[in-house]
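Please walk through this structure with me, one ligand at a time. Keep the viewer open as you read.

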Amino acid sequence: MIVTIDGVAASGKSSVSSGVAQALGVPYVSSGLLYRAVTLLGLEAGADLADPAALLPLLSGVRLEPLASGNRVWNDDHDLTADLHSTRVDGGVSTVAALPEIREWVDAQLRALPAPLVAEGRDMGTNVFPHAPHKFYLTASPRVRAERRARERPEDIPAIEAALTERDRQDTTQSAPAPDARIIDTGPLTLQGVIDTILNDLR
Ligand SMILES: Nc1ncnc2c1ncn2[C@@H]1O[C@H](COP(=O)(O)OP(=O)(O)OP(=O)(O)O)[C@@H](O)[C@H]1O
Ligand SMILES: Nc1ccn([C@@H]2O[C@H](COP(=O)(O)O)[C@@H](O)[C@H]2O)c(=O)n1
């Protein structure tokens, strides 16, 4: 069984997916971490983030470790995970994610993972796992998302809101909800409330 949880930036996808996966006793996979890893390696190499030929050679050692409690991304034996959620990576990741060659590479990593799993991102329900039987799409206003993210980042709420809105704009192409996804406005809900809404639906 595959459950897909897509949504806009900072809508709660990874926190909700982790909670749902732990309740189901299956791993979850955060597809955004792979795009983030490509971005980090590109930045560290001084590569042009819009040039797939410069990025693809950097990826031979990249591996996603999907766990219910939290994903890790490795480059050979180096754990990249702690460096993937910086403002610098946030600023470049949509450029990388717009490249068809990089999307193909990410999709191949994801489709090679064994089910059952919970997969979260932007196009899990539309493109990567279109036949998944259970699909969800999380939303919340930019202000609510920025207020939540401000607890994790040094920037102030208006700066975070502007960056999230810009990332949503750049990600529009791959971010349409699947027609058969249940859309959940997480704004009025607690994190546990969103997890319970999904688990009740699955039951
Ligand atoms: N319903 C909710 N109520 C309150 N806080 C929430 C809720 N959902 C998520 N959060 C908090 O919002 C923040 C962002 O959540 P999370 O990182 O899971 O989002 P995301 O969609 O995976 O983000 P990104 O797209 O940047 O990877 C976290 O601090 C999380 O704890
Ligand atoms: N299925 C996906 C997942 C992610 N992206 C791109 O990666 C960025 C980071 O993702 P987060 O989920 O960690 O926010 C996101 O802004 C997209 O550019 C994607 O294209 N498709």
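How far does a polar side-chain atom of R103 lie from an oxygen atom of ligand 2? The distance is 2.8 Å, which counts as a polar contact (a pair of N or O atoms within 3.5 Å; within protein, one must be able to donate a hydrogen and the other to accept it, and residues adjacent in sequence count only if both atoms are side-chain atoms).

Before we go on, a word on the ground rules: this is a predicted model, in which local features need pLDDT of at least 70 and side-chain atom pairs count only at pLDDT 80 or more, while totals for chains, interfaces and linings use all residues. Residues are numbered from 1 along each chain as its sequence is written, chains are lettered from A and ligands numbered from 1 in the order in which they are written, and side-chain values use heavy atoms, with hydrogens and water left out.

Back at ligand 2, R36 also places a polar side-chain atom 2.8 Å from a ligand oxygen, and for Q174 the corresponding distance is 2.7 Å. The protein buries 96% of the 450 Å² that ligand 2 exposes when taken alone (areas come from the Shrake-Rupley method with a 1.4 Å probe; for residues, only the protein chains shown count as cover). There are 16 residues around this ligand, and R36, R103, R167, D171 and Q174 come nearest (a residue is near if one of its heavy atoms lies within 4 Å). By type, the shell divides into four nonpolar, five polar and seven charged residues (Ala, Val, Leu, Ile, Met, Phe, Trp, Tyr, Cys and Pro count as nonpolar, Asp, Glu, Lys and Arg as charged, and the others, Gly among them, as polar). Helix α2 gives the largest share of that shell, four residues (helices are DSSP runs of H or I, at least four residues, and strands are runs of E, at least two, numbered from the N terminus).

Now turn to ligand 1. Of the 18 residues around it, K13, S14, S15, R149 and E152 come nearest. A polar side-chain atom of K13 lies 2.7 Å from an oxygen atom of ligand 1, and one of R148 lies 3.3 Å from a nitrogen atom of the ligand. On its own, ligand 1 has 630 Å² of accessible area, and the protein covers 85% of that. Helices α1 (13–24), α7 (142–149) and α9 (191–202) each supply at least two residues of the shell, with the largest share, three residues, coming from α1. The shell here is made up of five nonpolar, six polar and seven charged residues.

Finally, look at the backbone. Most residues other than glycine have a negative phi, and most peptide bonds are trans. A10, in the loop between β1 (2–7) and α1, has a positive phi of about 60° although it is not a glycine. A cis peptide bond joins A115 and P116, with omega about 5°, and P116 lies in the loop between α5 (100–111) and β6 (117–121).
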